[in-house]
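Me: I have a new model open and I'd like to learn how to read it. Can you take me through it feature by feature?

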Amino acid sequence: SIMWAPPALAVLGAALPALHQRRARCQQRPERVVVVGGGIMGSSSAWALSKRSDKVSSVTLIEPGYSITSSWGEARITRLAYVDPMMIRLMEMSFQLWDELAKATSTQLLLWTGIIDIVPDDVSEDVTKLKNAYKECKLTYEELPHDEVKRRWPALSCPENTTWIYQKAAALILAQDAVAACKKAAEQNGAALKDDEAVRIDRQRKVVVLQSGTEVPYDKVVLTSGPWTNKLLQASGLDLLPLVPSVEQYLHLEADVAGGADAHTAGNMPILLQHQPKVRPGALDEGGTKISGAYMHPHVPGGVPGCKIGYHRNGDLMRTEDFVVPEITPEQLAVLPHRRQEFCSHFVPDTMDPVNVGLLTRFAQHHTPTMSLTPSSYGRCMYTNHLYPDEVFVVGPHPTDSDIVIATGFGGEGFKFGAVVGELVADVTTGPAARDPKLRDTVQQALHRFRVGR
């Protein structure tokens with residue numbers, strides 16, 4: 001039999017293959033990507049995207065000059081010491097990328113130190129979790145008797161009823177150098193940097209509106225705005241995320257005995273990381289990704305005098321015009337390990353917090369007894385915490401608009417992962433990169449667990 005079609009339909013049918021080809025070419029057109037936020041996440045995302053020139057036609061990094069951020073300061077801790085095997089594998093990828101960045105920019109980024117997890121007996125399950133994760137990822141570690149700790153590092157002291165687990169693959173990453181290196185590498189690959197502040201995203205006209213009045217066109221926007229994320233979402237007519245900023249306290253303590261400074265310098269002293277029991281039922285601090293407790297890292301040669309010591313996730317919770325927090329219940333807020341659950345709503349504290357100073361000096365007194373208990377300097381650092389029922393990060397497209405990609409909710413754990421988070425952001429924005437199957441599986445698992453709105 002002969003099938004007949006009207007002439008108009010016959011012409012349309014003949015044209016369909018060409019239409020499909022043109023549509024495919026449009027879908028493959030390299031995209032204009034605007035990255036909002038000039039800290040480590042924005043800078044590393046710009047670097048990762050700038051390497052994908054086949055999929056990205058332009059990368060513009062908008063970097064506002066905030067005085068207190070999550071990426072400022074001298075150094076951050078990097079480590080494989082996690083109880084979650086996925087986080088260990090991501091950190092292994094991040095170490096490789098930091099090495100790639102250091103070579104590309106001729107910059108020293110890491111000072112290797114090793115790390116000791118200090119686990120009190122009342123959270124001894126953390127020892128089992130840590131050992132199991134190390135074994136699964138085929139990492140070497142040592143459970144050190146207290147006298148061996150003292151032999152290797154005479155400046156340290158081991159309180160009774162604590163277990164000390166040493167793992168050598170830990171380092172200090174020089175924070176400002178790492179941010180600068182990401183920007184340098186991105187610019188070398190053709191990215192543009194704008195010193196300005198994004199005030200809103202006009203999603204109808206597909207432009208990012210800057211404080212100066214400039215409008216930057218986009219196909220995709222990457223938001224790495226830390227505690228300012230919800231402010232920008234609100235201004236852009238997008239649903240808020242369950243984010244709660246906090247301002248955390250750190251101090252610098254110097255050696256209190258002659259010649260003690262060398263014993264507390266990177267290369268002569270490991271990083272110390274204290275595990276703590278839950279502060280309340282339901283709080284997510286059971287030795288997971290973002291543990292709560294004191295940390296101390298050794299002095300950076302030529303840097304700020306003394307060792308840096310801080311208390312992880314115990315600062316003031318913030319809710320201001322800049323730090324927008326959605327309506328949440330006390331029960332939702334209680335998942336955070338912060339002991340004080342009330343909001344500071346008028347200003348960002350910049351003085352020493354007596355509560356945390358007391359916790360930190362007690363830690364130093366018991367673990368580094370040759371330290372002066374009078375801080376030689378102090379500072380504050382912004383954390384962006386999330387209220388999802390887990391302890392990992394938030395990376396993925398916004399549920400309302402898939403052209404808006406978000407990376408946030410790192411809760412003080414993100415900097416070390418910055419290089420690999422940039423790759424995750426680039427995968428979400430442009431599609432997966434070609435990788436070794438094991439790395440591909442890790443990235444896919446991470447993006448599933450990190451998804452927005454989970």
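Reply: Let's start with helix axes: these are lines fitted to C-alpha atoms, for helices over the stretch in contact, and angles run from 0 to 180 degrees between N-to-C directions. Helices (H or I, at least four residues) and strands (E, at least two) are DSSP runs, numbered from the N terminus. This is a predicted model, where local features need pLDDT of at least 70, side-chain atom pairs count only at pLDDT 80 or more, and totals for chains, interfaces and linings use all residues. Residues are numbered from 1 along each chain as its sequence is written, and side-chain values use heavy atoms, with hydrogens and water left out.

Me: At what angle do the axes of α3 and α4 cross?

Reply: Two packed helices are described by the angle between their axes and the distance between the axes. Here α3 (residues 85-105) and α4 (residues 125-136) cross at roughly 50°, with their axes coming within 9 Å. That makes α3 and α4 oblique to each other (under 35 degrees is roughly parallel, over 145 roughly antiparallel, 65 to 115 roughly perpendicular, and the rest oblique). The crossing of α3 past α4 is right-handed, that is, the near helix is turned clockwise from the far one by less than a right angle.

Me: Which residues make the contact between α3 and α4?

Reply: Contact means heavy atoms within 4.5 Å. On α3 look for Pro 85, Ile 88 and Arg 89; on α4, for Ala 133, Tyr 134 and Glu 136.

Me: And burial: how many residues of α2 are buried?

Reply: Buried means under 20% relative accessible area, exposed over 50%, and partly exposed in between (1.4 Å probe, protein chains only). In α2 (residues 40-50), 11 of the 11 residues are buried, so the helix is largely enclosed by the rest of the structure. Trp 47 and Met 41 are among them. The buried residues of α2 pack against β1 (31-36), β2 (56-62), α3, α6 (175-188), β13 (220-223) and α11 (418-430). For the protein overall, 56% of the 454 residues count as buried, and its secondary structure comes to 12 helices and 22 strands.

Me: Is Trp 72 buried or partly exposed?

Reply: Partly exposed, at 32% relative accessibility. Trp 72 is in the loop between β2 and β3 (75-79). Its C-alpha atom is 7.9 Å from that of Cys 381, though the two residues are 309 apart along the chain.

Me: Now the rings. How many aromatic pairs does the structure hold?

Reply: A pair of aromatic rings is described by the distance of the centres and the angle of the planes. Rings of Phe, Tyr and Trp (its six-membered ring) pair if their centres lie within 6.5 Å; planes under 30 degrees apart are stacked, over 60 edge-to-face, and the rest tilted. This structure holds 8 such pairs. In one, Phe 393 and Phe 450 have ring centres 5.4 Å apart and planes at 50°, so the pair is tilted. Phe 393 is in the loop between β20 (377-386) and β21 (394-397) and Phe 450 in the segment after α12 (437-449), so the pair ties together parts 57 residues apart in sequence. Phe 393 is buried at 0% relative accessible area, and Phe 450 is buried at 1%. Ring pairs also link both of them with Tyr 82, Phe 410 and Phe 417 into a cluster.

Me: What sits over the ring of Tyr 82?

Reply: A charge sits over a ring if NZ of Lys or CZ of Arg is within 6 Å of the ring centre and within 35 degrees of the ring normal. For Tyr 82, the charged end of Arg 79 does this, 4.0 Å from the ring centre. Likewise, Lys 308 lies over the face of Tyr 250, at 4.5 Å from the ring centre.
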